[in-house]
Amino acid sequence: MKKGQKRQLTVSLLSAGAVFLVLALLLRWNFVLSAVLAVGVYVGLFLLLTPRPEPGTMFYAARPDGEQLAAWMEEAGRDLAQVALAAGQITDAETQRAAVELAGTGEHIYRYLREQPDKIPAARRFLTYYLDTVGRILIQYVKFQEAGLRTEEVLGFQAKVRAVLPKLRAGFEEQLSQLMAAERFDAEADMQVLERLLDTEGFSCGEKRS
């Protein structure tokens with residue numbers, strides 16, 4: 001039994017035992033009723049403390065390519081951490097702000113994919129290419145910055161990085177928008193149904209009933 005499971009079992013048993021002692025011995029409740037309530041406490045705590053699998057766990061297991069998809073997410077998590085780390089090390093305020101915002105948008109996409117793992121195949125390029133490439137570019141930017149190089153080539157590279165960061169963020173935002181398109185369409189359909197119901201029942205947006 002793993003350490004976490006032992007702790008889960010111990011806490012549940014101790015809590016159930018304490019409930020039984022209080023009810024049966026101190027409050028002098030019916031023995032059977034006290035035992036039933038204690039068992040209920042044990043079961044409830046045991047279930048409450050049981051770690052819940054991430055949304056993607058069963059999804060990966062059910063797919064023949066699940067191992068590959070999980071590997072993409074794991075790699076993307078490392079790349080995203082590298083992007084965020086490098087962004088925070090940039091000393092130029094404007095460039096740092098753009099890099100941090102880009103990392104934040106990437107984090108939104110990554111979190112969304114963890115919650116909706118069925119969308120992972122549609123984000124393959126983002127997971128396996130864009131994050132890795134952005135990370136390497138920002139790391140190189142930081143290396144030139146820390147080396148204090150001011151050659152024409154280095155300054156040109158840094159200028160290109162500053163110019164491309166907003167474009168990359170716009171691309172990341174478009175990626176997230178495409179991934180969430182189905183939910184947006186569903187919400188728009190719901191709004192149309194509500195509007196038709198309001199019209200049918202004689203209500204009108206912005207008007208008050210007399």
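Gln-175 lies in helix α7, which spans residues 152-179, where helices are DSSP runs of H or I with at least four residues, numbered from the N terminus. This is a predicted model, in which local features need pLDDT of at least 70 and side-chain atom pairs count only at pLDDT 80 or more, while totals for chains, interfaces and linings use all residues. Residues are numbered from 1 along each chain as its sequence is written, and side-chain values use heavy atoms, with hydrogens and water left out.

At 15% relative accessibility, Gln-175 counts as buried (under 20% relative accessible area; exposed is over 50% and partly exposed in between, with a 1.4 Å probe and protein chains only). Leaving aside residues up to four places away in sequence, Gln-175 touches Ile-109, Ala-122, Ala-123 and Phe-126, contact meaning heavy atoms within 4.5 Å.

Phe-126 is also one of the buried residues of α6, among them Leu-127, Leu-131 and Tyr-141, and what covers these buried residues includes α4 (66-89), α5 (93-115) and α7. After α6 comes Gly-148, whose phi is positive, near 70 degrees.

A search of the whole structure finds seven salt bridges, each a side-chain nitrogen of Lys or Arg within 4 Å of a carboxyl oxygen of Asp or Glu. Three of them are listed here.

| Salt bridge | N to O distance |
|---|---|
| Arg-97 and Glu-101 | 3.4 Å |
| Glu-107 and Arg-111 | 3.6 Å |
| Arg-136 and Asp-132 | 3.2 Å |

Arg-136 and Asp-132 both lie in helix α6, four residues apart, about one turn of the helix. Elsewhere, salt bridges that share partners join Arg-97, Glu-101, Arg-169 and Glu-173 into one network.

Methods: Helix = DSSP H or I, 4+ residues; strand = E, 2+ residues; numbered from the N terminus.
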